[in-house]
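Notebook open, viewer open. I want to go through side-chain contacts, surface and backbone here, one entry at a time.

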Amino acid sequence: MFSAILISLALNSSVLPDRLPVDVIPKVTVPNIDYVLMHEQDVIRDAKRDPYHFAVPNELSLTPKSNGLWEQLDGEKMRWTCRVRCDNAISMNLGFARYKMPPSGQLILSNQFRDYQIRPFTAEDNKDHGELWSPIIPSNEIVIEITVDKTEQHEVSRNIELTSINTGYRGFKGVGDRGSSGSCNIDVMCPEGDDWWDVIPSVGVYTLQGYWTCTGAMINNTAQDQTPYFLTANHCGVTSSTDSSIVVYWNHQNSYCRAPGSSASGGNGNGSYSQFTSGSTMRATRSYTDFTLTELSSQPNSSWGVTWSGWSRSSSAANGAGIHHPSTAEKRISFPDYMAASGEYWNVNWAEGTTEPGSSGSPLYDANHRIVGQLCCGAAACGNDSNDYYGRSLNQSWSYLDDYLDPTGSNVQYLDGYDPTALPLGACCIPAADACLNLREANCLAGGGFWQGEDTTCDSGICDSEPECPTDVNGDSYTNVSDLLQVIGDWGETGSNPSDVNEDGIVGVNDLLAIIDAWGVLVIKLDDI
(Lines give C-alpha, C1' and ligand atoms only; values in the text may rest on other atoms or scores of the structure.)
Protein backbone atom coordinates (compact mmCIF):
# COMPACT_ATOMS: atom_id res chain seq x y z
CA MET A 1 0.00 0.00 0.00
CA PHE A 2 2.89 2.31 0.77
CA SER A 3 5.24 2.84 -2.13
CA ALA A 4 8.70 4.14 -1.48
CA ILE A 5 9.32 7.78 -2.32
CA LEU A 6 12.83 9.15 -2.17
CA ILE A 7 13.61 12.60 -3.49
CA SER A 8 17.06 14.05 -2.95
CA LEU A 9 17.37 17.79 -3.35
CA ALA A 10 20.59 19.78 -3.34
CA LEU A 11 19.52 23.41 -3.58
CA ASN A 12 21.52 26.57 -3.24
CA SER A 13 21.01 27.66 0.34
CA SER A 14 20.74 31.31 -0.73
CA VAL A 15 17.50 30.64 -2.61
CA LEU A 16 16.07 27.92 -0.36
CA PRO A 17 13.06 29.18 1.62
CA ASP A 18 12.95 28.56 5.36
CA ARG A 19 10.38 25.83 4.81
CA LEU A 20 9.32 24.15 1.60
CA PRO A 21 5.69 24.60 0.54
CA VAL A 22 3.70 21.75 2.05
CA ASP A 23 2.42 20.64 -1.35
CA VAL A 24 6.00 19.90 -2.44
CA ILE A 25 6.61 17.48 0.43
CA PRO A 26 5.95 13.79 -0.40
CA LYS A 27 2.82 12.43 1.29
CA VAL A 28 1.75 9.02 2.61
CA THR A 29 -2.02 8.62 2.99
CA VAL A 30 -3.69 6.00 5.18
CA PRO A 31 -7.28 4.74 4.73
CA ASN A 32 -10.24 6.80 5.86
CA ILE A 33 -11.94 5.96 9.15
CA ASP A 34 -15.21 4.03 9.07
CA TYR A 35 -17.09 6.12 11.64
CA VAL A 36 -20.19 3.91 11.61
CA LEU A 37 -18.15 0.80 12.39
CA MET A 38 -16.17 2.61 15.08
CA HIS A 39 -19.38 3.81 16.77
CA GLU A 40 -20.82 0.29 16.81
CA GLN A 41 -17.65 -1.12 18.34
CA ASP A 42 -17.37 1.70 20.87
CA VAL A 43 -20.88 1.12 22.17
CA ILE A 44 -19.83 -2.41 23.10
CA ARG A 45 -16.39 -1.40 24.44
CA ASP A 46 -17.71 1.49 26.53
CA ALA A 47 -20.49 -0.62 28.01
CA LYS A 48 -17.84 -3.09 29.19
CA ARG A 49 -15.65 -0.24 30.49
CA ASP A 50 -12.81 -1.35 28.24
CA PRO A 51 -9.99 1.17 27.79
CA TYR A 52 -11.27 4.17 25.89
CA HIS A 53 -10.64 3.63 22.17
CA PHE A 54 -10.09 6.89 20.30
CA ALA A 55 -8.04 6.09 17.17
CA VAL A 56 -7.48 3.51 14.46
CA PRO A 57 -3.94 2.08 14.15
CA ASN A 58 -2.30 1.80 10.74
CA GLU A 59 0.90 -0.24 10.61
CA LEU A 60 3.60 0.48 8.05
CA SER A 61 7.33 1.00 7.66
CA LEU A 62 8.49 4.48 6.75
CA THR A 63 12.10 5.65 7.02
CA PRO A 64 14.11 8.65 5.80
CA LYS A 65 15.79 6.21 3.43
CA SER A 66 12.60 4.86 1.85
CA ASN A 67 10.27 7.87 1.91
CA GLY A 68 10.26 11.64 2.00
CA LEU A 69 12.62 14.32 0.80
CA TRP A 70 16.15 15.35 1.77
CA GLU A 71 17.41 18.95 1.36
CA GLN A 72 20.79 20.59 1.75
CA LEU A 73 20.54 23.54 4.15
CA ASP A 74 23.03 26.24 5.08
CA GLY A 75 26.45 25.02 6.06
CA GLU A 76 26.60 21.30 6.75
CA LYS A 77 22.96 20.78 7.76
CA MET A 78 20.50 18.42 6.06
CA ARG A 79 16.72 18.32 6.42
CA TRP A 80 14.33 15.42 5.78
CA THR A 81 10.57 15.98 5.50
CA CYS A 82 7.58 13.80 4.87
CA ARG A 83 3.78 14.13 5.27
CA VAL A 84 1.32 11.54 6.59
CA ARG A 85 -2.42 12.05 6.19
CA CYS A 86 -5.87 10.59 6.84
CA ASP A 87 -8.52 12.60 5.03
CA ASN A 88 -11.32 12.28 7.63
CA ALA A 89 -9.38 12.00 10.90
CA ILE A 90 -9.84 14.59 13.66
CA SER A 91 -6.40 13.91 15.18
CA MET A 92 -3.29 11.86 14.54
CA ASN A 93 -0.34 10.50 16.48
CA LEU A 94 2.75 8.53 15.47
CA GLY A 95 4.70 5.56 16.77
CA PHE A 96 8.39 5.06 15.93
CA ALA A 97 9.49 1.49 16.66
CA ARG A 98 13.06 2.62 16.00
CA TYR A 99 14.18 5.96 17.33
CA LYS A 100 17.85 6.68 17.93
CA MET A 101 18.58 10.29 17.11
CA PRO A 102 22.24 11.32 16.68
CA PRO A 103 23.51 14.21 18.80
CA SER A 104 23.03 16.85 16.09
CA GLY A 105 19.54 15.74 15.08
CA GLN A 106 16.08 16.91 16.05
CA LEU A 107 12.59 15.77 15.07
CA ILE A 108 9.70 18.23 14.77
CA LEU A 109 6.05 17.27 14.24
CA SER A 110 3.48 19.85 13.15
CA ASN A 111 0.17 20.10 11.36
CA GLN A 112 0.07 20.99 7.67
CA PHE A 113 -0.36 24.69 8.44
CA ARG A 114 2.61 24.63 10.82
CA ASP A 115 0.64 26.61 13.40
CA TYR A 116 0.56 23.63 15.80
CA GLN A 117 3.91 22.10 16.63
CA ILE A 118 5.22 19.62 19.19
CA ARG A 119 8.41 20.51 20.99
CA PRO A 120 11.52 19.11 19.23
CA PHE A 121 12.55 15.53 19.98
CA THR A 122 16.31 15.11 20.24
CA ALA A 123 18.95 12.62 21.34
CA GLU A 124 17.73 13.22 24.90
CA ASP A 125 14.60 11.28 23.90
CA ASN A 126 16.63 8.18 23.05
CA LYS A 127 15.51 5.52 25.54
CA ASP A 128 16.65 1.99 26.31
CA HIS A 129 13.49 0.56 24.74
CA GLY A 130 14.42 2.32 21.46
CA GLU A 131 10.91 3.64 20.70
CA LEU A 132 9.22 7.02 20.52
CA TRP A 133 5.49 7.68 20.62
CA SER A 134 4.22 11.14 19.88
CA PRO A 135 1.51 13.20 21.51
CA ILE A 136 -1.73 13.99 19.71
CA ILE A 137 -1.67 16.42 16.76
CA PRO A 138 -5.21 17.88 16.35
CA SER A 139 -5.17 17.60 12.56
CA ASN A 140 -5.75 15.11 9.77
CA GLU A 141 -2.20 15.64 8.53
CA ILE A 142 1.23 15.64 10.16
CA VAL A 143 4.42 17.10 8.71
CA ILE A 144 7.48 15.19 9.92
CA GLU A 145 10.78 17.07 9.80
CA ILE A 146 14.26 16.02 10.86
CA THR A 147 17.32 18.27 10.71
CA VAL A 148 20.80 16.85 11.26
CA ASP A 149 24.45 17.48 10.50
CA LYS A 150 25.42 16.10 7.12
CA THR A 151 27.99 13.84 8.76
CA GLU A 152 25.22 12.10 10.73
CA GLN A 153 22.60 11.90 7.97
CA HIS A 154 23.21 8.19 7.47
CA GLU A 155 22.51 7.54 11.16
CA VAL A 156 19.07 9.10 10.80
CA SER A 157 18.33 7.01 7.73
CA ARG A 158 19.39 3.85 9.54
CA ASN A 159 17.95 4.45 13.02
CA ILE A 160 14.60 6.22 12.54
CA GLU A 161 11.57 4.16 11.46
CA LEU A 162 7.91 5.17 11.67
CA THR A 163 5.79 2.04 12.12
CA SER A 164 2.37 3.26 13.30
CA ILE A 165 0.11 6.07 12.12
CA ASN A 166 -2.87 6.32 14.45
CA THR A 167 -5.88 8.22 13.16
CA GLY A 168 -8.20 9.73 15.77
CA TYR A 169 -11.97 9.75 15.46
CA ARG A 170 -13.12 10.89 18.94
CA GLY A 171 -11.76 12.30 22.19
CA PHE A 172 -9.01 14.86 22.57
CA LYS A 173 -11.16 17.87 21.70
CA GLY A 174 -12.46 16.63 18.40
CA VAL A 175 -15.33 18.17 16.48
CA GLY A 176 -18.83 18.12 17.99
CA ASP A 177 -18.96 16.12 21.20
CA ARG A 178 -16.02 13.89 20.39
CA GLY A 179 -13.79 15.43 23.05
CA SER A 180 -16.31 16.37 25.70
CA SER A 181 -17.56 14.64 28.86
CA GLY A 182 -20.88 14.62 30.71
CA SER A 183 -22.08 17.98 32.01
CA CYS A 184 -22.51 16.71 35.59
CA ASN A 185 -18.74 16.42 35.91
CA ILE A 186 -16.86 18.98 38.02
CA ASP A 187 -13.78 20.80 36.74
CA VAL A 188 -10.83 20.65 39.11
CA MET A 189 -10.70 24.45 38.80
CA CYS A 190 -14.09 24.72 40.54
CA PRO A 191 -14.22 25.61 44.25
CA GLU A 192 -14.87 21.94 45.01
CA GLY A 193 -11.27 21.23 44.01
CA ASP A 194 -9.67 23.95 46.11
CA ASP A 195 -8.62 21.62 48.95
CA TRP A 196 -7.20 18.98 46.60
CA TRP A 197 -4.39 20.79 44.82
CA ASP A 198 -1.77 18.71 46.61
CA VAL A 199 -2.84 15.72 44.50
CA ILE A 200 -4.63 17.15 41.43
CA PRO A 201 -1.30 17.75 39.58
CA SER A 202 -0.30 14.10 40.09
CA VAL A 203 -3.12 12.82 37.87
CA GLY A 204 -2.62 12.50 34.10
CA VAL A 205 -4.44 11.16 31.06
CA TYR A 206 -2.44 8.92 28.75
CA THR A 207 -2.49 7.20 25.38
CA LEU A 208 -1.22 3.69 24.80
CA GLN A 209 -0.09 2.33 21.43
CA GLY A 210 -1.65 5.45 19.95
CA TYR A 211 -5.26 4.28 20.10
CA TRP A 212 -6.20 3.36 23.70
CA THR A 213 -6.36 5.75 26.63
CA CYS A 214 -6.92 5.74 30.40
CA THR A 215 -6.07 7.82 33.49
CA GLY A 216 -3.38 7.29 36.12
CA ALA A 217 -1.41 9.07 38.83
CA MET A 218 2.16 9.58 39.97
CA ILE A 219 2.63 7.78 43.28
CA ASN A 220 5.22 8.40 46.01
CA ASN A 221 7.62 5.86 47.52
CA THR A 222 9.17 5.77 50.99
CA ALA A 223 12.55 6.93 49.67
CA GLN A 224 10.72 10.03 48.37
CA ASP A 225 13.30 10.23 45.60
CA GLN A 226 10.90 11.28 42.80
CA THR A 227 11.08 7.94 41.01
CA PRO A 228 8.40 8.46 38.34
CA TYR A 229 6.10 5.58 39.30
CA PHE A 230 2.69 5.85 37.65
CA LEU A 231 -0.28 3.85 38.94
CA THR A 232 -3.13 2.84 36.64
CA ALA A 233 -5.43 -0.13 35.95
CA ASN A 234 -4.34 -3.53 34.69
CA HIS A 235 -7.18 -3.68 32.17
CA CYS A 236 -5.88 -0.50 30.50
CA GLY A 237 -3.27 -2.67 28.80
CA VAL A 238 0.12 -1.40 29.99
CA THR A 239 2.32 -4.49 29.67
CA SER A 240 6.00 -5.25 29.15
CA SER A 241 5.37 -5.10 25.40
CA THR A 242 3.24 -1.92 25.30
CA ASP A 243 4.79 0.12 28.14
CA SER A 244 7.15 2.04 25.86
CA SER A 245 4.19 3.42 23.88
CA ILE A 246 2.64 5.36 26.76
CA VAL A 247 2.32 9.15 26.45
CA VAL A 248 1.10 10.87 29.63
CA TYR A 249 -0.38 14.37 29.46
CA TRP A 250 -0.07 16.61 32.53
CA ASN A 251 -2.22 19.52 33.70
CA HIS A 252 -4.83 18.96 31.01
CA GLN A 253 -7.62 20.92 32.68
CA ASN A 254 -9.99 23.72 31.83
CA SER A 255 -8.63 27.15 32.78
CA TYR A 256 -11.79 28.11 34.67
CA CYS A 257 -14.74 26.47 36.44
CA ARG A 258 -17.61 25.56 34.14
CA ALA A 259 -20.80 25.33 36.19
CA PRO A 260 -21.62 21.64 36.70
CA GLY A 261 -24.74 20.74 34.78
CA SER A 262 -24.32 23.56 32.28
CA SER A 263 -23.96 23.19 28.53
CA ALA A 264 -20.42 24.55 28.84
CA SER A 265 -19.52 21.76 31.27
CA GLY A 266 -20.81 19.25 28.74
CA GLY A 267 -18.79 20.71 25.86
CA ASN A 268 -15.17 20.87 24.85
CA GLY A 269 -12.80 22.61 27.24
CA ASN A 270 -9.65 24.61 26.62
CA GLY A 271 -7.07 22.33 28.24
CA SER A 272 -3.61 22.06 26.69
CA TYR A 273 -1.71 18.94 25.59
CA SER A 274 1.67 20.69 25.58
CA GLN A 275 3.03 18.98 28.73
CA PHE A 276 3.71 15.29 28.18
CA THR A 277 6.02 12.42 29.11
CA SER A 278 6.66 9.59 26.65
CA GLY A 279 7.67 5.99 27.39
CA SER A 280 7.81 3.78 30.48
CA THR A 281 8.86 0.39 31.89
CA MET A 282 6.17 -1.75 33.50
CA ARG A 283 7.16 -2.75 37.04
CA ALA A 284 4.23 -4.64 38.57
CA THR A 285 0.74 -5.68 37.54
CA ARG A 286 -2.09 -7.93 38.69
CA SER A 287 -5.53 -8.60 37.30
CA TYR A 288 -6.80 -9.30 40.83
CA THR A 289 -7.42 -5.76 42.17
CA ASP A 290 -6.80 -4.58 38.57
CA PHE A 291 -3.62 -2.51 38.96
CA THR A 292 -0.48 -1.76 36.99
CA LEU A 293 2.54 0.18 38.23
CA THR A 294 4.80 1.48 35.47
CA GLU A 295 7.92 3.63 35.76
CA LEU A 296 7.96 6.51 33.30
CA SER A 297 11.11 6.89 31.22
CA SER A 298 11.75 10.35 32.62
CA GLN A 299 10.48 12.65 35.33
CA PRO A 300 7.98 15.29 34.27
CA ASN A 301 9.56 18.68 33.68
CA SER A 302 9.96 20.35 37.08
CA SER A 303 8.32 23.55 35.82
CA TRP A 304 5.02 21.68 35.30
CA GLY A 305 4.40 21.33 39.03
CA VAL A 306 3.56 17.61 38.89
CA THR A 307 3.22 16.07 42.36
CA TRP A 308 3.48 12.51 43.68
CA SER A 309 0.37 11.23 45.49
CA GLY A 310 0.62 9.49 48.82
CA TRP A 311 -1.09 6.16 49.56
CA SER A 312 -2.72 4.13 52.33
CA ARG A 313 -2.80 0.38 52.86
CA SER A 314 -5.70 0.61 55.28
CA SER A 315 -8.71 -1.72 54.98
CA SER A 316 -11.08 1.17 55.68
CA ALA A 317 -11.24 4.77 54.53
CA ALA A 318 -13.31 7.90 55.05
CA ASN A 319 -14.85 9.47 51.96
CA GLY A 320 -12.34 11.33 49.82
CA ALA A 321 -12.46 12.04 46.08
CA GLY A 322 -11.86 10.62 42.63
CA ILE A 323 -9.77 12.63 40.15
CA HIS A 324 -9.92 11.56 36.51
CA HIS A 325 -10.16 12.37 32.80
CA PRO A 326 -13.59 11.23 31.57
CA SER A 327 -13.58 10.47 27.84
CA THR A 328 -10.06 12.00 27.62
CA ALA A 329 -11.57 15.39 28.48
CA GLU A 330 -10.18 17.98 30.87
CA LYS A 331 -9.45 16.84 34.41
CA ARG A 332 -12.47 16.45 36.74
CA ILE A 333 -13.07 15.73 40.43
CA SER A 334 -15.89 13.61 41.91
CA PHE A 335 -16.99 13.09 45.50
CA PRO A 336 -18.54 9.87 46.90
CA ASP A 337 -21.43 9.59 49.30
CA TYR A 338 -19.89 6.29 50.37
CA MET A 339 -16.85 4.11 49.64
CA ALA A 340 -16.90 0.67 51.23
CA ALA A 341 -14.38 -2.16 51.07
CA SER A 342 -15.76 -5.32 49.48
CA GLY A 343 -13.35 -8.13 48.57
CA GLU A 344 -10.76 -6.84 46.11
CA TYR A 345 -12.69 -3.62 45.38
CA TRP A 346 -13.88 -0.39 46.90
CA ASN A 347 -17.58 -0.07 46.19
CA VAL A 348 -18.16 3.64 45.44
CA ASN A 349 -21.31 5.66 44.84
CA TRP A 350 -21.07 9.29 43.76
CA ALA A 351 -22.71 12.22 45.52
CA GLU A 352 -21.19 14.80 43.15
CA GLY A 353 -19.74 14.18 39.71
CA THR A 354 -19.27 10.75 38.14
CA THR A 355 -16.80 8.80 35.95
CA GLU A 356 -16.84 7.72 32.30
CA PRO A 357 -14.82 5.57 29.91
CA GLY A 358 -11.38 7.17 29.91
CA SER A 359 -11.53 7.53 33.71
CA SER A 360 -10.31 3.92 34.09
CA GLY A 361 -7.14 3.64 36.13
CA SER A 362 -7.77 6.94 37.92
CA PRO A 363 -7.01 7.18 41.65
CA LEU A 364 -9.51 7.02 44.50
CA TYR A 365 -8.39 9.10 47.49
CA ASP A 366 -9.36 8.82 51.14
CA ALA A 367 -10.12 11.84 53.31
CA ASN A 368 -6.36 12.24 54.00
CA HIS A 369 -5.65 12.67 50.26
CA ARG A 370 -3.95 9.27 49.98
CA ILE A 371 -4.58 6.82 47.14
CA VAL A 372 -6.45 3.70 48.26
CA GLY A 373 -7.31 2.25 44.85
CA GLN A 374 -7.64 2.78 41.10
CA LEU A 375 -10.79 2.67 38.95
CA CYS A 376 -11.56 -0.75 37.57
CA CYS A 377 -15.11 -0.80 36.37
CA GLY A 378 -18.71 0.18 36.97
CA ALA A 379 -21.64 1.78 35.23
CA ALA A 380 -21.66 5.25 36.77
CA ALA A 381 -22.43 8.11 34.40
CA CYS A 382 -24.29 11.41 34.34
CA GLY A 383 -27.97 10.57 34.65
CA ASN A 384 -27.70 7.43 36.78
CA ASP A 385 -26.82 6.49 40.35
CA SER A 386 -24.85 3.34 39.54
CA ASN A 387 -21.77 2.33 41.48
CA ASP A 388 -18.13 2.22 40.48
CA TYR A 389 -15.48 -0.24 41.66
CA TYR A 390 -11.87 0.60 42.48
CA GLY A 391 -9.20 -2.07 42.98
CA ARG A 392 -7.91 -2.26 46.56
CA SER A 393 -4.35 -2.77 45.34
CA LEU A 394 -2.55 -1.02 48.20
CA ASN A 395 -4.30 -3.31 50.68
CA GLN A 396 -4.87 -6.56 48.80
CA SER A 397 -1.87 -6.62 46.44
CA TRP A 398 0.82 -5.00 48.60
CA SER A 399 3.26 -7.88 48.12
CA TYR A 400 3.38 -6.95 44.41
CA LEU A 401 3.99 -3.28 45.15
CA ASP A 402 6.19 -3.13 48.24
CA ASP A 403 9.54 -3.46 46.46
CA TYR A 404 8.76 -0.26 44.56
CA LEU A 405 6.62 1.83 46.92
CA ASP A 406 8.55 0.86 50.07
CA PRO A 407 12.19 0.52 48.93
CA THR A 408 13.39 1.48 52.42
CA GLY A 409 11.63 -1.52 53.99
CA SER A 410 9.82 0.71 56.45
CA ASN A 411 6.60 -1.36 56.40
CA VAL A 412 4.58 1.82 56.98
CA GLN A 413 0.82 1.62 56.57
CA TYR A 414 0.54 4.94 54.80
CA LEU A 415 2.68 7.60 53.14
CA ASP A 416 1.85 11.21 52.41
CA GLY A 417 2.38 12.76 49.01
CA TYR A 418 5.47 14.55 47.75
CA ASP A 419 5.52 17.98 46.14
CA PRO A 420 8.94 18.90 44.72
CA THR A 421 7.77 22.50 44.28
CA ALA A 422 6.92 22.85 47.97
CA LEU A 423 10.37 24.02 49.03
CA PRO A 424 11.32 23.84 52.73
CA LEU A 425 10.63 26.61 55.20
CA GLY A 426 13.29 28.37 57.21
CA ALA A 427 13.73 31.38 59.46
CA CYS A 428 13.90 34.65 57.54
CA CYS A 429 15.53 37.62 59.25
CA ILE A 430 14.05 40.88 57.93
CA PRO A 431 16.14 43.83 59.18
CA ALA A 432 13.85 46.53 57.77
CA ALA A 433 11.03 45.27 59.95
CA ASP A 434 13.26 44.03 62.78
CA ALA A 435 11.32 40.79 62.40
CA CYS A 436 11.64 37.06 61.85
CA LEU A 437 9.22 35.04 59.71
CA ASN A 438 9.23 31.36 58.71
CA LEU A 439 9.32 31.55 54.90
CA ARG A 440 10.56 29.72 51.82
CA GLU A 441 13.97 30.94 50.63
CA ALA A 442 12.75 32.62 47.44
CA ASN A 443 10.03 34.53 49.31
CA CYS A 444 12.49 35.58 52.01
CA LEU A 445 15.03 36.96 49.55
CA ALA A 446 12.33 38.67 47.49
CA GLY A 447 11.22 40.51 50.63
CA GLY A 448 14.72 41.75 51.43
CA GLY A 449 15.30 39.17 54.14
CA PHE A 450 18.15 36.80 54.96
CA TRP A 451 17.23 33.11 54.91
CA GLN A 452 18.82 31.10 57.74
CA GLY A 453 18.52 27.66 56.13
CA GLU A 454 16.17 24.71 55.82
CA ASP A 455 14.25 23.74 58.97
CA THR A 456 15.47 26.71 61.01
CA THR A 457 12.69 28.47 62.93
CA CYS A 458 12.08 31.84 64.47
CA ASP A 459 11.22 30.11 67.74
CA SER A 460 14.91 29.39 68.24
CA GLY A 461 15.69 33.11 68.44
CA ILE A 462 18.00 32.84 65.45
CA CYS A 463 17.08 36.33 64.30
CA ASP A 464 17.17 38.02 67.69
CA SER A 465 19.33 41.14 67.73
CA GLU A 466 22.73 40.71 69.24
CA PRO A 467 23.36 43.03 72.19
CA GLU A 468 25.11 46.25 71.30
CA CYS A 469 28.85 46.16 71.87
CA PRO A 470 29.92 49.47 73.47
CA THR A 471 33.60 48.84 72.69
CA ASP A 472 32.81 48.96 68.95
CA VAL A 473 33.10 52.72 69.08
CA ASN A 474 33.18 53.38 65.32
CA GLY A 475 30.45 50.81 64.49
CA ASP A 476 32.49 48.69 62.04
CA SER A 477 31.55 45.46 63.90
CA TYR A 478 35.07 45.00 65.30
CA THR A 479 36.81 46.12 68.48
CA ASN A 480 40.31 47.00 67.32
CA VAL A 481 42.88 49.75 66.89
CA SER A 482 40.40 52.06 65.14
CA ASP A 483 38.27 52.16 68.28
CA LEU A 484 41.36 52.72 70.45
CA LEU A 485 42.44 55.69 68.33
CA GLN A 486 38.98 57.19 68.45
CA VAL A 487 38.92 57.00 72.27
CA ILE A 488 42.32 58.69 72.40
CA GLY A 489 41.05 61.34 69.98
CA ASP A 490 38.04 62.04 72.24
CA TRP A 491 40.06 61.89 75.47
CA GLY A 492 38.64 64.00 78.25
CA GLU A 493 35.37 64.82 76.54
CA THR A 494 32.20 64.69 78.63
CA GLY A 495 28.54 64.18 77.87
CA SER A 496 27.05 61.65 75.47
CA ASN A 497 29.82 60.26 73.33
CA PRO A 498 30.42 56.79 71.70
CA SER A 499 33.93 56.86 73.09
CA ASP A 500 32.53 56.87 76.65
CA VAL A 501 32.45 53.08 76.61
CA ASN A 502 31.61 52.60 80.29
CA GLU A 503 29.12 55.48 80.24
CA ASP A 504 30.55 57.24 83.31
CA GLY A 505 30.20 60.64 81.64
CA ILE A 506 33.85 61.11 80.62
CA VAL A 507 36.19 59.59 78.03
CA GLY A 508 39.19 58.32 79.94
CA VAL A 509 41.41 55.48 81.02
CA ASN A 510 38.54 53.16 82.00
CA ASP A 511 37.22 53.34 78.45
CA LEU A 512 40.67 52.58 77.10
CA LEU A 513 40.99 49.51 79.36
CA ALA A 514 37.52 48.25 78.29
CA ILE A 515 38.55 48.38 74.63
CA ILE A 516 41.80 46.53 75.33
CA ASP A 517 39.85 43.86 77.26
CA ALA A 518 37.42 43.33 74.35
CA TRP A 519 40.10 43.50 71.68
CA GLY A 520 39.27 41.49 68.54
CA VAL A 521 35.59 40.94 69.32
CA LEU A 522 33.45 40.60 66.17
CA VAL A 523 30.02 42.11 66.60
CA ILE A 524 27.20 40.86 64.37
CA LYS A 525 24.05 42.87 64.55
CA LEU A 526 20.69 42.12 62.92
CA ASP A 527 21.05 45.28 60.87
CA ASP A 528 24.35 43.98 59.48
CA ILE A 529 23.09 40.53 58.42
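Predicted model: local features only at pLDDT ≥ 70, side-chain atom pairs only at ≥ 80, totals over all residues.

**Entry: the patch and its helices**

I started at Ile488, which lies in helix H6 (helices are DSSP runs of H or I with at least four residues, strands are runs of E with at least two, and both are numbered from the N terminus). Ile488 is partly exposed, at 47% relative accessible area (buried is under 20%, exposed over 50%, partly exposed in between, with a 1.4 Å probe and protein chains only). Residues are numbered from 1 along each chain as its sequence is written, and side-chain values use heavy atoms, with hydrogens and water left out.

Which residues form the nonpolar patch on the surface? I listed Val481, Leu485, Ile488, Trp491, Val509, Leu513, Ile516 and Trp519, with about 800 Å² of accessible area together. Patches take residues with over 30% relative accessible area and no salt bridge, joining like charges within 9 Å and nonpolar side chains (Val, Leu, Ile, Met, Phe, Trp, Tyr) within 5 Å. The areas are Shrake-Rupley values with a 1.4 Å probe, and for residues only the protein chains shown count as cover. Helix H6 (481-489) and helix H7 (509-517) are the elements that give two or more residues to the patch.

I then looked at how H7 is turned. Its buried residues are Asp511, Leu512 and Ile515. They cover an arc of only 100 degrees around the axis, so they sit on the same side of H7 (the arc is that of the directions from the helix axis to the C-beta atoms). On the face turned away from that buried side I found the exposed residues Leu513 and Asp517.

**Entry: salt bridges**

How many salt bridges does a search of the whole structure find? It finds 17, counting a side-chain nitrogen of Lys or Arg within 4 Å of a carboxyl oxygen of Asp or Glu. I picked Asp46 and Arg170, whose side chains meet at 3.0 Å, N to O. Asp46 is in helix H1 (residues 35-47) and Arg170 in the loop between strand S11 (160-168) and strand S12 (203-208), so this bridge ties together parts 124 residues apart in sequence. Arg170 is buried, at 11% relative accessibility.

Next I checked Lys77 and Asp149, also a salt bridge with 3.0 Å from N to O. Lys77 lies in strand S6 (residues 77-85) and Asp149 in strand S10 (residues 141-149), so the pair ties together parts 72 residues apart in sequence. Lys77 is partly exposed at 30%, and Asp149 is partly exposed at 27%.

Arg83 bridges to Glu141, with the closest N and O atoms 3.2 Å apart. Arg83 is in strand S6 and Glu141 in strand S10, 58 residues apart. Are Arg83 and Glu141 buried or exposed? Both are buried. Finally, I noted that salt bridges with shared partners join Asp42, Arg45, Asp46 and Arg170 into one network.

**Entry: rings**

The aromatic search over the whole structure gives 16 pairs. Rings of Phe, Tyr and Trp (its six-membered ring) pair if their centres lie within 6.5 Å; planes under 30 degrees apart are stacked, over 60 edge-to-face, and the rest tilted. Trp308 and Tyr418 are edge-to-face, 6.3 Å centre to centre with 75 degrees between the planes. Trp308 is buried at 3%, while Tyr418 is partly exposed at 24%.

Trp311 and Trp398 make a tilted pair, 4.9 Å centre to centre and 45 degrees between the planes. Trp311 is in strand S19 and Trp398 in helix H4 (residues 398-405), so parts 87 residues apart in sequence are tied together. Both are buried. I also wrote down a cluster in which ring pairs link Phe54, Phe172, Tyr249 and Tyr273.

Arg170 turned up again here: its charged end sits over the ring of Tyr52, 3.9 Å from the centre. The test is NZ of Lys or CZ of Arg within 6 Å of the ring centre and within 35 degrees of the ring normal. Arg392 lies over the face of Trp346, at 5.4 Å from the ring centre.

**Entry: backbone**

Most residues other than glycine have a negative phi. I flagged His369, with a positive phi near 65 degrees, in the loop between strand S23 (363-365) and strand S24 (370-378). His369 is buried, at 16%. Asn411 has a positive phi too, about 60 degrees, and is found in the loop between H4 and S26.
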